[in-house]
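Please read the briefing below alongside the sequence and the model.

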Amino acid sequence: MSTVNPPVAFTQDELGWVSWIDPLPEAELTERHFNGLVDRARAKSEYFRLLVRDPEVLEARTKTDKDIFYNVADGLPRAERELAAAATSRYNGCIYCASVHARFASTYSKRRDDVQRLLDEGVKADLGERWNAVVKASVALAATPIAFGPDNIEELRRAGLDDAEIVDVINGASFFNWANRLMLSLGEPSK
Amino acid sequence: MATQDIIDTLAGIAPGSALDAIRARRLQARENAQKSYLSLFEPIDAGDFSLVERAAVAALVTGLHGESPVASFYREKLAANADGARLIAAIDAEIARGMTSGPYGSYPAGPLSVENTAGLIYRVSAASKPALGARLAAAFEQAHLLVFRPRDAADADMKALLAAGWSTTGIVTFSQLVAFLSFQVRVVSGLRTLAAASA
């Protein structure tokens, strides 16, 4: 196994990820596995070659993920879906997931400094009414027991989100409660 | 026969309702959240993680989130399993012992250490171990960690599961199941809250 150099702070830098248990070797992948990977290029990723041990679950998970984040024909702008993912990851403590989705949030919003403040100061950082509402809703959904309530809906509406956009927040934030737990528990990030 | 969409059912979304139309705009996500559920609970091959184990872990995980239609659904699913009904009492006892508030846990030593938050390090009770067995006892401890303190996860937790008889593939599916339920319970809660706020 390669030497792991775990990051000790939230960052927008690109990180690697090292599995704690054995991914499938690339040479053992069959068509069933490639269907599970959805994108063949993901065979290069240790994370996806680990998850592909259950290809049916991985395929369904991947397609759920892609539609929630990449289907921008309507609904919430991509930047704010990524903000929900980054805020959820910051709150749950997933340094790897936060790095990826903070970068995406910066790319799509052009508000890199605000995104960095979310990482540095945490989910209480003041990012303006609309982003605050998205972050607060994501955090309330991530809490266990779930703390999301009518006040969150009211704040999102006041910030200008319609119900379809609010569903995008709910989907994006909820999905990262899935992603964070896999990334955090099956391996670790490395600089 | 097509199974009814589980998130719609649990969230009380009726065909033709406003939320039904909104969910239809993310059709691939809706269909694949459903396929995720089916591939976890009606898998092609349950050799590495049995159906009764899946139902037991699901009842624990959703129960730890508090009373909800989702928790009731998975509790009933376990009760309907021929080998599952005998586990209900132990699982109810473990849910009561394991209930707390999250997320908490520790970060790698460094600037984030100031955010470290102490909380319950759950272990299965001696009283429940005989009913659950070694595999489920190890799985319950890992499931509790995943629900409440995922940032505490460590290499050693994988070794504990392997030592308790879990295969690497079984660990992957188990982790997906707990993580998927963490998603599903939140989507259902969020959609129910939105529906109530729009009524």
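A56(B) lies in helix α4 of chain B, where helices (H or I, at least four residues) and strands (E, at least two) are DSSP runs, numbered from the N terminus. A56(B) is buried, because 27 other C-beta atoms lie within 10 Å; a residue is called buried if 20 or more other C-beta atoms lie within 10 Å of its own, exposed if 12 or fewer, and partly exposed in between, with C-beta atoms placed from the backbone. This is a predicted model, in which local features need pLDDT of at least 70 and side-chain atom pairs count only at pLDDT 80 or more, while totals for chains, interfaces and linings use all residues. Residues are numbered from 1 along each chain as its sequence is written, and chains are lettered from A and ligands numbered from 1 in the order in which they are written.

**Surroundings of A56(B)**

- Apart from neighbours within four places in sequence, A56(B) is in contact with L78(B), G84(B), L87(B), I91(B) and L136(B), contact meaning that the C-beta atoms of two residues, placed from the backbone, lie within 7 Å.
- P103(B) is 47 residues from A56(B) in sequence, and the two C-alpha atoms are 22 Å apart in space.

**Helix packing around α4(B)**

- Two packed helices are described by the angle between their axes and the distance between the axes.
- The axes of α4(B) (residues 51–64) and α6(B) (residues 88–98) come within 9 Å and cross at roughly 35°; axes are lines fitted to C-alpha atoms, for helices over the stretch in contact, and angles run from 0 to 180 degrees between N-to-C directions.
- On the α4(B) side, A56(B), A59(B), L60(B), G63(B) and L64(B) meet I91(B), E94(B), I95(B) and G98(B) of α6(B).
- The residues of this contact of α4(B) with α6(B) comprise 6 nonpolar, 2 polar and 1 charged, where Ala, Val, Leu, Ile, Met, Phe, Trp, Tyr, Cys and Pro count as nonpolar, Asp, Glu, Lys and Arg as charged, and the others, Gly among them, as polar.
- For α4(B) and α7(B), the axes come within 10 Å and cross at roughly 35°, and this crossing is right-handed.
- Here E53(B), A56(B), V57(B), L60(B), V61(B) and L64(B) in α4(B) meet residues of α7(B) that include R135(B), L136(B), F140(B) and V147(B), and the contact of α4(B) with α7(B) divides into 10 nonpolar, 1 polar and 2 charged residues.

**Chain B as a whole**

- Chain B has 9 helices and 0 strands, and 47% of its 199 residues count as buried.
- A compact globule of 199 residues would have a radius of gyration near 16 Å, and the 18 Å of chain B agrees with this; the radius is taken over C-alpha atoms, and the globule rule is 2.2 Å times the number of residues to the power 0.38.
- The C-alpha trace of chain B spans about 50 × 45 × 30 Å along its principal axes.
- Among contacts in chain B between residues at least 6 apart in sequence, 68% join residues at least 24 apart.

**Chain A and its helix α3**

- Chain A has 9 helices and 2 strands, and 53% of its 191 residues count as buried.
- Helix α3(A) (residues 55–70) is largely enclosed by the rest of the structure, because 12 of its 16 residues are buried.
- The cover over the buried residues of α3(A) includes α1, α2, α4 and α9 of chain A together with α3 and α9 of chain B.
- D113(A), in helix α6 (residues 112–121) of chain A, is exposed, with 8 other C-beta atoms within 10 Å.

**The interface between the chains**

- In the contact between the two chains, 57 residues of chain B meet 49 residues of chain A.
- The largest share of the side of chain B that touches chain A, 22 residues, comes from α9(B).
- By class, that side of chain B has 30 nonpolar, 20 polar and 7 charged residues.

Terms used
Left-handed = near helix turned anticlockwise from the far one by under 90°.
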